[in-house]
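Here are my comments on the model you sent over. Have it open next to you while you read.

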Amino acid sequence: MEDGEGAAAAWREALESWAIPQHILDAAPEPPWGCPVDLFARRADAARRSTPSDLRALEALPEGGMVLDVGCGAGAGSLPLAGRASLLIGVDGSAGMLAAFRERAEAAGVAEETIEGTWPGVAPATPAADVVVCHHVVYNVPHPVPFVRALTDHARRRVVVELMPVHPVSNLNDLWLRFHGLERPTRPTADDFVAVLAQMGIAPGREQWDPPDWQAGFNRREDLVAFIRLRLCLPAARDAEIWEAIADRVVERNGTFGLPPRPNVTLWWDGSSVVTEPVD
């Protein structure tokens with residue numbers, strides 16, 4: 001592989017442009033980066049039809065194969081593969097997420113292993129698998145080359161990455177302008193990530209798609225407002241203003257509240273770990 005550093009530097013600089021100005025962080029009542037375990041758990045529990053990401057993973061996964069889920073959360077990316085897999089390995093930096101992952105793997109009747117830490121730092125302690133999946137993680141990865149290389153090196157058959165076409169919090173850009181007068185970036189994008197892969201010598205398959213099923217995510221509209229308030233570094237006293245700003249876009253579905261669903265992109269490519277049997 002080539003090092004991909006030209007495209008990787010552009011990716012890193014684009015991610016750095018999302019940094020929240022220090023004066024806004026200093027005024028924030030709490031850090032704006034929390035990821036609620038219960039939200040990820042509801043997403044993992046939601047019934048849904050198979051997505052392109054599921055299908056690309058399943059077609060490379062042998063019966064009784066192993067799946068490595070990097071940035072697993074509660075398991076939304078790998079649990080749909082549990083019926084064919086004999087083992088799901090979850091990697092995540094959150095002990096709470098890993099506990100939710102273990103609970104759901106056990107309920108699905110599949111063996112699990114969890115590794116707490118960030119990727120690729122924990123890659124040396126992580127076993128290879130037939131298929132590696134990594135859903136909605138890469139926009140948090142400032143150094144994509146070692147990240148991707150470790151994904152590829154751990155896959156005997158295939159790597160499947162799912163991401164949004166644009167940065168996942170770009171749907172709040174108008175709210176940053178409204179509440180802080182701050183113009184937010186528009187990059188990096190999925191195209192920028194594919195450019196990194198190209199400079200590494202990887203030509204992925206690619207499919208963009210709309211979620212076939214979708215849970216809005218929050219059980220109460222107040223919880224949705226609180227989540228957006230956290231992301232915007234605002235105090236609870238601004239909740240009424242936040243609701244006024246988002247009310248016309250909020251979707252209620254199956255008793256949950258959220259912002260409208262957005263497209264996803266599935267990327268897939270061959271792994272480089274040793275394959276012990278032919279791919280079907």
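This is a predicted model: local features need pLDDT of at least 70, side-chain atom pairs count only at pLDDT 80 or more; totals for chains, interfaces and linings use all residues.

1. The secondary structure of the protein chain comes to 10 helices and nine strands.

2. On overall dimensions, a compact globule of 280 residues would have a radius of gyration near 19 Å, and the protein chain has 19 Å, so the two agree.

3. How much of the chain is buried? Buried residues make up 50% of the 280. As for contacts with a separation of 6 or more, 76% of them come from residues 24 or more positions apart.

4. Now to helix H6, residues 144–153, which is mostly covered: seven of its 10 residues are buried. The buried ones are Pro144, Val145, Phe147, Val148, Ala150, Leu151 and Thr152.

5. What do the buried residues of H6 pack against? On the helix side, they pack against H1 (5–16) and H8 (190–199). On the strand side, the partners are E1 (65–70), E4 (129–135), E5 (155–163) and E9 (264–270).

6. Take the H6 and H8 pair next. These helices pack at an angle of about 70°, with their axes 11 Å apart. An angle from 65 to 115 degrees counts as roughly perpendicular, so that is how H6 lies to H8. The crossing is right-handed. Pro144, Val145 and Val148 of H6 meet Phe193, Val196 and Leu197 of H8. By class, this contact of H6 with H8 has six nonpolar residues, no polar ones and no charged ones.

7. H8 also packs with H1. The axes of H1 and H8 come within 7 Å and cross at roughly 155°. Angles over 145 degrees count as roughly antiparallel, which means H1 is roughly antiparallel to H8. This crossing is left-handed. From H1, the contact uses Glu5, Gly6, Ala7, Ala8 and Trp11, while H8 supplies Asp192, Phe193, Ala195, Val196 and Gln199. By class, the contact of H1 with H8 has six nonpolar, two polar and two charged residues.

Terms used
Residues are numbered from 1 along each chain as its sequence is written. Side-chain values use heavy atoms; hydrogens and water are left out. Buried means under 20% relative accessible area, exposed over 50%, partly exposed in between (1.4 Å probe, protein chains only). Helices (H or I, at least four residues) and strands (E, at least two) are DSSP runs, numbered from the N terminus. Contact means heavy atoms within 4.5 Å. Axes are lines fitted to C-alpha atoms, for helices over the stretch in contact, and angles run from 0 to 180 degrees between N-to-C directions. Angles under 35 degrees count as roughly parallel, over 145 as roughly antiparallel, 65 to 115 as roughly perpendicular and the rest as oblique. A crossing is left-handed if the near helix is turned anticlockwise from the far one by less than a right angle, and right-handed if clockwise. Ala, Val, Leu, Ile, Met, Phe, Trp, Tyr, Cys and Pro count as nonpolar, Asp, Glu, Lys and Arg as charged, and the others, Gly among them, as polar. The radius of gyration is taken over C-alpha atoms; the globule rule is 2.2 Å times the number of residues to the power 0.38.
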